[in-house]
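Colleague: I'm new to reading protein models and would like to go through one with you. Could you take me through it feature by feature?

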Amino acid sequence: MTSGADGDAPPAGDRRRIGAAALLFLLTFAGAALLFHGRSLYDSDAYYHLAIARQFVEDGVRDARLPLRASLLGPDTFADKEAFFHVLLMPFAWGDGLDAAVDPAAGTRLMHRGAIALALFIAAIVTVIGVLARRAIGPWGLLLGPATVLLSTDLAWRLVRLRAELLSLPLLLIALALAASGRVRWLALVVAVYTLGYTAFHALVGLLGLLFVLWAWRTGRPPWRLALYVALGAAAGLLLHPHFPDNLTLWIVQNVQFFAEKGQLDVGTEIRPLRSDVILMVHLGLIALLVSLVRAAVPASDAPPSDAPGADAPADASGDAAAREIELRYAEAFTLAALIFGALYLLMSRFVLYAVPLTVLATLFQLRARGLRIGAWARLPGRGAVPLALALALALALGAPELVRQHARFLTRTDPGPEQARFVDREQVGAALPAGARVAAPWRQTPIYLLWAPQASYLNVLDPLFMAHGHPTIYDAQRALFDGRDPDPVLTAATVLASDHLAYGVPSQPAALTARLVADPRIAVRHRASNLVAALRPAPDAFVLDWRLVTAATGLPPSRDALAALPRYPRLAAPSGALEGYVDGRRALGGAAASAGQCVAFARAVPPVADGDDRLLTLAPVGPTTVWWNTRVVLRLDASLGAHLDAGVALALPFAEAADPADGADVLTIATCAASPSAASTVVDGAIGFYLLRASS
């Protein structure tokens, strides 16, 4: 590997460089396309981006809206934070309409075309890294494009996600190169596209601002043209956005409020740091490669080899000074970016996407700026040296085991299953949801449903803050429901979440949630495989709901004579009342949450002669509960059951104890308490109440 002074190359040299870069792009694209062929896209966010692109095709970029009912990305406040990225995806979304009931396989076809788009983005990233590395160390630098990806499996995991950051990375690398070389007009265009295509445009603008300060301080001559064209590019990107000015509101929420509120949200693991030993393991081969290159660096000869960049450039004093300044700026630009994103990577694992390529390129440009080239021998720490080829082979050997392990992991996670079961499952979800269905679903899985069932409407997508920001009550209710902690998920879905269907990925949610739902007669399961789709339906005769509230003055258990004077348990009005099943003790407390150990009591008259189904019951209370039949205790539960119908306790009531029907009805009394603190993970804080289910249900 060699390097030399940079300069204009003859046309033949240009053609060789362009041809080599094109070959690298094509080979990388072919390899990535082969890897993704027939597989599921790894990241659910990919389905959101494809769904947006399809909306753009159907409705136009300016008028496209998402069917979301409780999100900042909903129809009334929608602004596409990555508009240009979705424009680039539009050719892959052509031809598939928005009604999955007409063609359930449309989502699957669009996903497969999305895999082609993903392969193109990966090829572009690898090629940009390779071209910049070639500029630093000569033709062999092209190989550092694929080597960087293959020897950093943490980086590779980010690249297999079809996200707008795959557009952000190559644009950021190109912008740094343009800034270093002084091509500020082209830089303005890149900044404008970056602002249109990626929500965190401030990262690039801020980085270029720091370079302005650095170069002004070092040279004593502020590069005002750089500042001007960066500002013009960013302003153009913001003002030309198809959803201006709503894009600014969205930017503030995602890039300012998110970091203030993320501790209270169910955010993804990518914003958490990796352990240091994990960072070392996933980059071991790449670290060895960079160390080998640094140890092989030697002073550049006065006459660089003919295949090095700028080998045929004429030399003069002023030209040499200008060339050295450019090389220094390349080194400074990529080193500053590497330091910033490296620090961010230590705080949040998602920044590996930027940290690793920038570190590789910063290392190479630092060698070039110091007048070094890559020699044939790598020096050992003490004395002696080994052939660089041997050192590089060792680096590849160190990285290979982790690469093989992560490749197998990728194949497992994206496996469509026997007979394409994963795709069939999603198509059946689309077929199970009728047009206009109002679906409650977790934000993480909603992208899948947007792609395969666009005829329905959902709550939120992509980020929990988009719901929590404007709909905090709905956000809390949705989170408790899908965490399996809501004692009455059906009524919550119908009222707070304004939904008539539930949908979620079964492996992604607590098993207790599915068990709770399928045991509930108000649930009609429409589809159940990896995903579950259920419709909400009234079950007016399934539950015992007519109760009177036992007051403290009455005492336990109340007598037959005292029963008529007790206040009635407040029922909900129609249509919500048709979906009641859970007897909510918080209503008896005036809507307040119960404190630990607090209890409420309910009583009702049971006719002396009743249908057997009225006497064969299933009781599922939240917390410790005692049941009286007239004055006799017939059941005492000391444990907290969390109001799970699937774990309810059978209760067989005796037939009439009254000697004569004229004596009146028997009295069933239930005193139930809030769950113990140890049960907080299974039920929301302050919940108190029970289900009493008739046997025929």
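Modeller: Happy to. Keep in mind that this is a predicted model. Let's begin with disulfides: a search of the whole structure finds one.

Colleague: What is a disulfide, in general?

Modeller: It's a covalent bond between the sulfur atoms of two cysteines.

Colleague: Which cysteines form the disulfide here?

Modeller: Cys599 and Cys673, with their sulfur atoms 1.9 Å apart. Cys599 sits in strand E11 and Cys673 in strand E16, so this pair links distant parts of the chain, 74 residues apart. The link is right-handed, with 90 degrees about the S-S bond.

Colleague: Are those two cysteines buried or exposed?

Modeller: They fall into two classes. Cys599 has 40% relative accessibility, so it counts as partly exposed, while Cys673, at 14%, counts as buried. The cut-off for buried is under 20% relative accessible area.

Colleague: What share of the residues in the protein is buried?

Modeller: Buried residues make up 52% of the 697. As for the accessible surface, it comes to about 29000 Å², and 62% of that belongs to carbon and sulfur atoms.

Colleague: How many helices and strands does the protein have?

Modeller: There are 24 helices and 17 strands.

Colleague: Let's look at a helix. What's the general idea?

Modeller: An α-helix has 3.6 residues a turn, so residues three or four places apart point the same way.

Colleague: Now a sheet, please. In what order do the strands of the open sheet come?

Modeller: The order is E5-E6-E8-E7, four strands with mixed pairing. E5 and E7 stand at the edges with a single partner strand each, so one side of each is left without a neighbour in the sheet. E5 runs parallel to E6, and two bridges join them. If you want a spot to look at, Val439 stands opposite His501 in E6.

Colleague: What about loops? Where is Ser40 found?

Modeller: Ser40 is in the loop between helix H1 and helix H2. It is buried, with a relative accessible area of 2%. The Ser40 side chain makes a polar contact with the side chain of Arg426, at 3.3 Å. Leaving out residues up to four places away in sequence, Ser40 touches several others, including Tyr47, Met111 and Phe423.

Colleague: And where is the place of Phe543?

Modeller: Phe543 is in the loop between strand E8 and strand E9. Its relative accessible area is 2%, so Phe543 is buried. Beyond residues up to four places away in sequence, Phe543 touches Asp520, Glu580, Leu645 and Tyr691, among others. Phe543 and Thr618 are 75 residues apart in sequence but 9.5 Å apart in space, C-alpha to C-alpha.

Colleague: What share of the contacts links residues 24 or more positions apart?

Modeller: It's 74% of the contacts in the protein with a separation of 6 or more.

How values were computed
Residues numbered from 1 in each chain as written. Predicted model: local features only at pLDDT ≥ 70, side-chain atom pairs only at ≥ 80, totals over all residues. Heavy atoms only, no water. Buried < 20%, exposed > 50% of the residue type's maximum accessible area, 1.4 Å probe, protein only. Contact = heavy atoms within 4.5 Å. Areas by Shrake-Rupley, 256 points an atom, 1.4 Å probe, with all protein chains shown as cover. Disulfide = S-S within 2.5 Å. Polar contact = N/O pair within 3.5 Å; in protein donor to acceptor, adjacent residues only side chain to side chain. Pairing = 2+ DSSP bridges.
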